[in-house]
Each structure stands twice: as structure tokens, then as C-alpha cells.
Amino acid sequence: MAQAKGRIGLIGGSGLGAALAAQTKGKEHFADTPFGKPSGPIVTTELDGVPIAFISRHGPGHLLNPSAIPYRANIYALKQLGVTHIIASAATGALVEDIAPRDLVICDQVIDRTYKRDKTFFDAGLVAHVDFAYPFCEQLRAHLLSTAKKLFTGGASDRPTVHRAGTYVCMEGPQFSTRAESLLHRQMGGHLIGMTCMPEAKLAREAEMCYALVALPTDYDCWREHNGDVDKHSLMAEIIANLNAATENAITLIRSAVATAGELLAKSCEHHKALELAIWSDKSRVAPEVRKKLDLLVGKYF
Ligand SMILES: [Zn+2]
């Protein structure tokens with residue numbers, strides 16, 4: 001196996017973190033960044049020789065709602081720790097019939113409908129416009145899909161279906177959609193609805209990291225009428241059971257994808273120079289304090 005040059009960052013819920021923590025002994029980092037403190041401690045460790053860094057997106061105890069997550073600090077802190085590739089996982093609702101709860105989706109597109117989050121590192125004193133036509137890294141997606149194929153193809157019927165693509169609609173929340181909104185999201189071409197992929201993926205691109213998302217559908221959102229006989233408590237219990245089952249499958253997939261990522265980490269990817277043609281400001285006029293604040297991200301271009 002090729003020697004790993006980078007580090008894989010994992011952003012996910014507490015299920016994923018607990019599972020990895022149980023398997024390995026990590027080192028906790030309490031980072032501070034020019035964009036504030038991350039959601040919580042970042043744990044660095046190795047899985048089969050591949051260096052990883054894990055952060056729980058909603059923080060310890062799931063206290064941060066999707067609008068309150070410090071996305072910039074999380075991405076910046078992962079960059080500080082040498083992360084080059086991010087695999088994120090997120091619970092979602094399915095907007096189409098053929099994506100069933102407990103399946104996994106390796107998303108390929110996003111529609112960003114969020115409106116009250118800090119979405120860029122370049123909001124004052126330096127302008128950068130990164131290419132974002134394809135928000136997820138194709139190399140990383142291909143690695144996840146080939147890993148899924150090896151893991152889940154054939155055999156037992158309880159193996160999850162892994163969808164090769166899907167458009168994730170990111171809403172602000174924290175309330176779920178109205179039925180009219182859910183139908184609108186379907187009309188927009190969405191396959192999944194969630195609240196956390198944005199601006200995470202945008203910031204990863206600005207920080208020149210590869211990023212891929214494993215989405216975990218837990219229910220059919222509200223466009224699809226529920227069976228009238230099912231009471232709300234049973235419905236919630238079903239959603240939680242679906243989330244737990246999907247999380248277990250996602251952990252199996254991500255763990256295996258990380259363990260076999262040595263060659264992927266050694267490869268170059270266009271996302272590691274995403275800012276090369278993106279800085280529109282006259283560099284000679286960028287204030288020293290702005291340059292200093294953004295040095296980790298743009299230093300190599302000055
Ligand atoms: Zn990439």
C-alpha cells in the first residue's frame with residue numbers, strides 16, 4: 001500500500017464517533033481558530049495505519065442545532081490537523097420513493113436553501129470564488145462506492161442498498177418542512193432533504209480539501225402520507241430505529257473505506273489546489289492582518 005501523505009477527517013454524529021473511539025485510542029485536541037472554537041474536541045488516531053481526525057458535528061451531547069454549528073471553525077481546525085480528505089455522514093429524509101429508509105446514498109449534488117450561516121472564509125478583505133459545480137470529490141465518491149460494492153454486494157438480504165448518486169437539498173431548519181415545501185423540494189429535483197451539508201461542503205472546497213457525503217435516509221419526509229394507523233410515538237421510534245440501522249451500515253462502510261484509503265491519500269486531486277485560480281483580489285492590496293488570519297488557507301498563493 002502506498003504511504004499515506006494526508007489525513008482523513010470524519011464529520012458525523014455521535015454514533016460514528018463512539019464506534020471509532022471504542023476501536024482505537026485517540027488523542028483529543030481542543031482547537032481554537034480565527035473563526036472560533038469547533039463543535040467540540042477533535043480526536044486524532046489511526047485506522048489500519050491511515051491517519052484520521054474525527055469531530056462530532058453537533059458537539060458533545062448534541063447541543064448545537066444545524067444553524068448554530070460552527071462550520072468554519074470545524075473545517076479550519078481539521079485543516080490545522082493536516083486533514084486532506086473529509087468523509088461526512090448526515091441523517092436525511094428521502095424525497096423519492098426508490099430511496100428507502102436504511103439505504104445509504106453517496107450524494108453527487110446539492111441545492112443550498114440555508115440562509116443564516118457563515119458560508120465562506122473569504123468575507124472581508126479578500127475575495128475568492130471557488131469552482132463548485134461538482135460539490136463532492138469524485139475520487140472520494142468512487143472510493144466509497146467501490147468499498148460499498150465489495151462490502152454489500154450479494155448474499156444476505158439485510159445488506160443495505162447504496163445509491164450511486166443523489167441531490168441533497170439543504171434547508172435551514174431546525175423545524176422540518178411543511179408539506180408544500182416538501183413537494184417543492186421534490187419538484188426542484190431533490191432526492192434527499194437535510195440540514196447540515198451546507199456550508200460544510202463549500203468550506204471544505206475553500207480549504208482545498210476533498211469532501212464526500214454518506215447520507216443516511218431515516219424516513220420519507222412529509223410529502224408521502226403516513227399510514228394513518230401509526231401514532232406519533234411509534235413513528236418516532238421507527239425513525240430512530242432506521243437511523244440506528246443506517247448508522248451501523250455507514251460505520252461499516254466508512255471504517256472500511258478509511259482502512260483502504262492509503263493509495264487515495266497518496267494521489268493528487270484538483271481540490272487540493274481549488275484556490276489556485278479563485279482569488280480575485282489584488283494580492284498586493286490585501287491587508288497584512290487579513291493575510292495573517294487566512295494564512296493557513298491562502299499562504300501558499302502569496
Ligand atoms: Zn478531491
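## Ground rules

Residues are counted from 1 along each chain as its sequence is written, and side-chain values use heavy atoms, with hydrogens and water left out. Because the model is predicted, local features need pLDDT of at least 70 and side-chain atom pairs count only at pLDDT 80 or more, while totals for chains, interfaces and linings use all residues.

## The zinc site

Let's start with the metal. Which protein atoms are the donors of the zinc ion? They are SG of C137, SG of C210, SG of C269 and ND1 of H271, lying 2.1 to 2.3 Å from the ion. (A donor is an N, O or S atom within 2.8 Å of the metal, or 3.2 Å for Na, K and Ca; water is not among the atoms, so sites may look incomplete.) The angles among the four donor atoms run from 100 to 124 degrees, and the site is tetrahedral. That label goes to four donors if all angles lie between 85 and 135 degrees.

Along the chain, the donors follow the spacing C-x72-C-x58-C-x1-H. C210 sits in strand β11 and C269 in the loop between α7 (262–266) and α8 (288–293), so this pair ties together parts that are 59 residues apart in sequence. (Helices, H or I with at least four residues, and strands, E with at least two, are DSSP runs numbered from the N terminus.) Are these two cysteines buried or exposed? C210 is buried, with a relative accessible area of 0%, and C269 is buried too, at 10%. Here, buried means under 20% relative accessible area, exposed means over 50%, and partly exposed is in between, using a 1.4 Å probe and protein chains only.

## Empty spaces

Now for the gaps. Rolling a probe the size of a water molecule over the atoms shows where empty space is left. On a 1 Å grid over the protein atoms alone, a cavity is a set of points where a 1.4 Å probe fits but cannot get out; a pocket is an open set with protein on both sides within 12 Å along at least five of seven lines; lining residues have an atom within 4 Å of a point. Points are joined across faces, edges and corners, and volume is the space filled by probe spheres set on them.

The count comes to one cavity of 30 Å³ or more, and the largest cavity has a volume of about 30 Å³. Its lining includes the zinc donors C137, C210 and H271. Helix α5 (200–206) gives the most to this lining, with three residues. As for the second largest pocket, about 350 Å³ of space lies in it. Of its 19 lining residues, the closest to its centre are D131, R205, E270, H271 and A274.

A nonpolar core is a set of buried Ala, Val, Leu, Ile, Met, Phe, Trp, Tyr and Cys residues joined through side-chain atoms within 4.5 Å. The largest one has 57 residues, of which I86 and F121 touch the most other members. Helix α2 (71–80) is among the elements that each supply at least two residues, and α2 gives the most, with five.

Helix α2 is mostly covered, with nine of its ten residues buried. One of the buried residues is A73, which has a relative accessible area of 1%. The C-alpha atoms of A73 and L203 are separated by 9.9 Å, though the two residues are 130 apart along the chain. Just after α2, G82 takes a positive phi of about 85 degrees.

Conventions
Four donors count as tetrahedral if all angles lie between 85 and 135 degrees; four count as square planar and six as octahedral if opposite donors are over 155 degrees apart and all others between 65 and 115; anything else is irregular.
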